Amino acid sequence: MSGFAGPITRLAGKIAIVTASTDGIGFAIAQRLAREGAKVIVSSRKQNNVDEAVSRLKSEGLDVTGLMCHVSKADHRKKLFDTAKKLGGLDILVSNAAVNPSVAPVLDCDESSWDKIFEVNVKAAFLLAQEALPLLRERPFGRIIFVASIAGFHPFELLGAYSVSKTALFGLTKAAASQLARENITVNCIAPGIIQTKFSSALTETEAAREEALSRIPMNRLGVPHDISGAAAYLASEDASYMTGETLIVAGGMPSRL
Ligand code: NAP
């Protein structure tokens with residue numbers, strides 16, 4: 001499935017940052033925003049992944065640039081925004097990075113794993129949004145999009161702390177949206193279901209795990225990264241101008257809402 005919806009150019013002239021965008025959902029979002037006309041800044045922790053992703057996207061004729069950015073490192077984030085400035089500014093921030101060092105029920109999570117999960121999944125998302133603001137405020141409209149998870153609504157038992165970190169992003173979305181509502185900067189969130197990527201491989205790699213996952217998905221198929229990228233492009237576009245503080249659930253019908 002290519003996820004290419006045809007020659008839509010609703011993001012022409014826009015500049016976008018997508019974090020954690022050299023693979024999986026972030027890569028698909030970067031590709032889709034660029035296919036819709038945006039200039040996209042691609043990044044992740046490893047330079048070789050950045051180089052590979054940028055060359056794949058450029059080989060498609062897309063306008064992308066890449067740099068290394070580990071989202072919890074302040075100097076890396078600064079370089080990300082400096083790159084946007086050099087390109088002419090920033091219209092769209094997609095905060096997509098997350099980690100999960102603890103495969104355990106929530107109350108069995110050790111303190112260092114808890115700290116790591118909240119540092120990357122929540123604090124870096126908050127800091128990225130905060131640091132993006134001066135640039136977003138210079139534009140006619142701005143977009144902040146957080147990538148959370150269906151697990152934020154309905155915690156996965158063995159992804160306990162991770163699930164709580166994703167619930168926190170729903171709160172951050174609401175609070176930031178209301179702060180920025182009068183500034184023409186919208187803040188929305190996407191909650192993917194189970195999407196086939198490296199991140200979710202433990203949930204899908206054995207036949208038994210895959211069957212278990214499928215049994216929880218009414219549409220009876222796992223998602224693919226391009227199932228998420230169209231939702232991100234919509235939220236980034238003027239089509240979503242009157243929508244802020246919301247979470248789009250893209251999860252094949254999995255139970256959602258608190
Ligand atoms: P993925 O395919 O494993 O890709 C992860 C990407 O993130 C890679 O490009 C990786 O590149 C980068 N990355 C990891 N840690 C980073 C960090 N600290 N700073 C910057 N980049 C980092 O993962 P994914 O499944 O697409 O997940 C993307 C987002 O979707 C996450 O927020 C995840 O929680 C969410 N999500 C995923 C699923 C699912 O089922 N897959 C479901 C719900 C929500 P490097 O290794 O080079 O850093």
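**Surface patch and salt bridges**

Val106, Leu107, Trp114 and Val164 form a nonpolar surface patch whose accessible area together is about 370 Å². The model is predicted: local features need pLDDT of at least 70 and side-chain atom pairs pLDDT 80 or more, while totals for chains, interfaces and linings use all residues. Residues are numbered from 1 along each chain as its sequence is written, and side-chain values use heavy atoms, without hydrogens and water.

**The nonpolar patch**
- Patch residues have over 30% relative accessible area and no salt bridge, with nonpolar side chains (Val, Leu, Ile, Met, Phe, Trp, Tyr) joined within 5 Å and like charges within 9 Å.
- Areas follow the Shrake-Rupley method with a 1.4 Å probe, and for residues only the protein chains shown count as cover.
- Val106 lies in the loop between β4 (92–95) and α4 (111–136); helices (H or I, at least four residues) and strands (E, at least two) are DSSP runs numbered from the N terminus.
- Val106 is partly exposed at 34% relative accessibility (buried is under 20%, exposed over 50%, partly exposed in between; 1.4 Å probe, protein chains only).

**Salt bridges**
- The structure holds 13 salt bridges, each a side-chain nitrogen of Lys or Arg within 4 Å of a carboxyl oxygen of Asp or Glu.
- Asp23 pairs with Lys198, their closest N and O atoms being 2.5 Å apart.
- This pair links distant parts of the chain, 175 residues apart.
- Asp23 is partly exposed at 40%, whereas Lys198 is exposed at 66%.
- Asp227 forms a salt bridge with Arg221, with the closest N and O atoms 2.9 Å apart.
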